[in-house]
Amino acid sequence: MNQLQNILLPEPTLRRLPWYLAYVEILRGKRVKYVSSTRISRALSVDASQIAKDLSFLGVKGRTRIGYEVEDLARALGDFLGFTRTHRAYVIGAGSLGKALIRDSGLSNYGLEIVAGFDVSPAAIGRTDLGVPIRHIDEIYDAMARTPAEIAILTVPAEAAQESADIAIGAGIRAIWNFTPYRVKVAEGVVMANTSIYAHLALIYTRLASMGQQ
């Protein structure tokens with residue numbers, strides 16, 4: 001890990017960087033050689049000065065009247081975000097969402113390798129059609145000894161979220177990616193990220209309702 005990757009970025013900046021990478025990757029696929037912050041701004045509706053400020057955290061500098069070299073910018077963004085390194089993960093909860101994440105081969109393009117799934121349902125345990133083994137949650141300690149992971153992805157029912165997180169952390173997991181609607185608590189030193197599908201769905205519903213009332 002280089003010195004740049006030790007920088008604690010403002011969260012809004014960190015959320016925007018993958019947008020830039022996705023757009024730059026599109027340009028790279030089209031064999032575009034250079035891109036300006038103004039062009040990125042038009043495509044993503046982010047102020048050009050903000051883009052330049054965000055990219056300054058990477059130590060990447062554009063050339064006057066030319067912009068950033070697409071190849072270099074894509075490489076710098078991928079390295080900085082950790083997408084070019086492999087991070088092993090477990091999925092805890094092999095229901096419909098958990099199975100979808102296990103089957104999502106695109107996650108590997110962003111450095112995430114799901115190596116095992118865990119559940120308590122006899123119908124899920126032992127399945128081989130998902131590409132990774134599905135085991136009972138009690139076997140997570142053995143799995144950590146044999147095929148250790150850094151990240152646990154929670155896709156369990158809300159009532160099982162905290163217990164599942166506690167088990168994963170007790171087994172040595174260092175980061176929790178929580179897809180449940182429950183606000184899980186973790187000890188200091190454990191990385192926590194919440195992806196609330198339900199909160200965003202509620203936002204869509206309420207905004208649709210407000211538009212209908214206008």
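Reply: Happy to! Keep in mind that this is a predicted model. Let's start in helix α1, where Arg15 and Glu11 lie four residues apart, about one turn of the helix.

Me: What makes Arg15 and Glu11 a salt bridge?

Reply: The closest N and O atoms of Arg15 and Glu11 are 2.6 Å apart. A salt bridge needs a side-chain nitrogen of Lys or Arg within 4 Å of a carboxyl oxygen of Asp or Glu, so the pair qualifies. By this rule the count comes to nine salt bridges.

Me: Why is Arg15 called exposed, and why is Glu11 called partly exposed?

Reply: Exposed means over 50% relative accessible area, and buried means under 20%. Arg15 has 55%, so it counts as exposed. Glu11 has 47%, which falls in between, so it is partly exposed.

Me: Which residues of helix α2 are buried, and what puts them on the same side?

Reply: In α2, residues 37-44, the buried ones are Ser37, Ile40 and Ser41. They cover an arc of only 105° around the axis, which puts them on the same side of α2. In general, an α-helix has 3.6 residues a turn, so residues three or four places apart point the same way. The buried residues of α2 pack against several elements, including α1, α3 and α4.

Me: What makes Asp142 and Arg146 a salt bridge, and how far apart are they in helix α6?

Reply: Their closest N and O atoms are 3.1 Å apart, and the limit is 4 Å, so they count as a salt bridge. Being four residues apart in α6, they are separated by about one helical turn. Asp142, at 32%, is partly exposed, whereas Arg146, at 64%, is exposed. Salt bridges that share partners join Arg135, Glu139, Asp142 and Arg146 into one network.

Me: And how many residues of the chain count as buried, as a percentage?

Reply: Of its 214 residues, 37% count as buried. The chain has eight helices and eight strands.

Notes. Residues are numbered from 1 along each chain as its sequence is written. This is a predicted model: local features need pLDDT of at least 70, side-chain atom pairs count only at pLDDT 80 or more; totals for chains, interfaces and linings use all residues. Side-chain values use heavy atoms; hydrogens and water are left out. Helices (H or I, at least four residues) and strands (E, at least two) are DSSP runs, numbered from the N terminus. Buried means under 20% relative accessible area, exposed over 50%, partly exposed in between (1.4 Å probe, protein chains only). The arc is that of the directions from the helix axis to the C-beta atoms. Contact means heavy atoms within 4.5 Å.
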